[in-house]
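Q: I would like to learn how to read strand pairing and surface patches. Can we work through a case?

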Amino acid sequence: MAWAFLLLSLLGFSLLFQPRTSQAQEKDVVLPESGIHYPGGFDSNTVGIVQGRAHGFSQPPGGPIQFRLDSGRETYIVIASPSWYWKDLGVKIPDGTEVRIRGSKSLGKDGNLYLIGQDMEVPSTGKVYAFRDDDGYPLWKGPRTGAQGPRGGFGSPQKGIGGGPGGMGKGRR
Amino acid sequence: MEKKATIVLFLMGILMAISLPVYAAWETGGKVGFDSNVNRAINGGDSDTYLGGYLLYSREATGETRLDWTLSASMEGNAFLKNNDLSNACFTLAPGITFFPYLTWSINVSPFVQGRAVADSDQSALAFGAKVSLKQPIGKSVYLGEYYVYTDNRANEEVYSYTENTLGIYLGINWTRTFFSEAGYEYSRGDSFQTLGTTSTTSTGGMGMGRGNQRRYSSTFETVVFKEKVDRHSVGLTAGIELIPSLFSNFSYTYSTMKGDLGTSIDHTGSIGLSYHF
């Protein structure tokens, strides 16, 4: 009995530190050219830092801000964030600006290299713009409430504080 | 009339749910709960344990646009083990709008309607209201939330009807990628039923008398139930863990005091549950 309890405790403790490699979920959209799942295609196993010059800022309809990053050896297409979040960050960099991007690398179905941006540093100004947290969770989705993200929201019968219409009190029957 | 409205709302919710294939998810789960004072007695109180199950459909704001819509529709059932008459089933529908005013701050406004059928049909009710909630991150893994809820609950018997205004605040911490906890405080002002309990010795026991529909004998509680204005203060803790992807466990505990003319009732509630997200 004691062994079973100990094993269950160890299992429970290990679950607290369970790694998550990919954010991909069924509610992602698939970006048409690259086939990359957005915003959940971030894979922490492929995170790297690439420095180069940024060119060709664009925003495809209904998609995130994208731009080319020429590192000298390779060219990446950086997938950043929705335009409203980009605007709130106050990013104002002209074409050709030297930037350092941390992000998840991926090969698109169109043969291009993609970098799903986590944060971007502009060495000339020292400014750092964050798009995702350490786990790759998109910051534009608002604060991650609960380990499972912003889920179990209004009216969730399982959610505790602030969950149901009556919040903690859950009404008075 | 209320039964018809409940059925219509239920069907509307199901239709809306199955017609919205994107950015939406289902969640189902079960829980075991404890309530130390189911009769809201100011002197002691009857405790009970219940088993609950639910099915939830939700559509959250994606954050891809600054303004987005949300929807939550849930069905829930709770079976009380001792006080069978308190067993209930309810349906909640809550469409809403989320606005991101600046970076990671968010505001959600959501009207709701809830139909509840209770074995003690006097308590069956249709409720309307609205909730405004705000969320802000504090650092990388801490967040703060505030909410205001207005509820107008119309029960079959007036004594169980209430309107209330609720304000709440909570602080959450994502300890790891899979484990979080929240602590919060809630204040509400509104109507509520209360009872004197079975062995009342309070000197204010007669203050609720003579108010027409404001009191009624309840066969469920086997005592007279009073309706009055109360101030409720609650503090609570919630912790949750993702056991495996899509499977979650939650624990929550709330301590509440409810003060009215009759006196103050104290309540401890807690639950532990398991949820599956799909």
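Predicted model: local features only at pLDDT ≥ 70, side-chain atom pairs only at ≥ 80, totals over all residues.

Q: Which strand pairs with β13(B) over 13 bridges?
A: Strand β12 (residues 247-259) of chain B, again in the antiparallel sense. Here Phe251(B) stands opposite Ile272(B) of β13(B).

Q: What is found in the hairpin of β12(B) and β13(B)?
A: Four residues lie between the strands. Gly263(B) takes a positive phi there, near 150°.

Q: How do side chains in a regular strand lie relative to the faces of the sheet?
A: The general idea is that they alternate between the two faces.

Q: Which residues form the nonpolar patch on the surface?
A: Val32(B), Leu51(B), Leu81(B), Phe251(B), Tyr253(B) and Ile272(B). Together they have about 540 Å² of accessible area. The facing residues Phe251(B) and Ile272(B) are both among them.

Q: Where is Leu51(B), and why does Leu51(B) count as partly exposed?
A: Leu51(B) sits in strand β2 (residues 48-59) of chain B. Leu51(B) counts as partly exposed because its relative accessibility is 44%. The class lies between buried, under 20%, and exposed, over 50%.

Q: How many helices and strands does chain A have?
A: Two helices and eight strands. From the N terminus on, the order is α-β-β-β-β-β-α-β-β-β. Of the 173 residues in chain A, 52% are buried. Chain A exposes about 7,900 Å², with 57% supplied by carbon and sulfur atoms.

Terms used: Residues numbered from 1 in each chain as written. Chains lettered and ligands numbered in written order. Heavy atoms only, no water. Patch = residues over 30% accessible without salt bridge, like charges linked within 9 Å, V, L, I, M, F, W, Y side chains within 5 Å. Areas by Shrake-Rupley, 256 points an atom, 1.4 Å probe, with all protein chains shown as cover. Salt bridge = Lys/Arg side-chain N within 4 Å of Asp/Glu carboxyl O. Buried < 20%, exposed > 50% of the residue type's maximum accessible area, 1.4 Å probe, protein only. Pairing = 2+ DSSP bridges.
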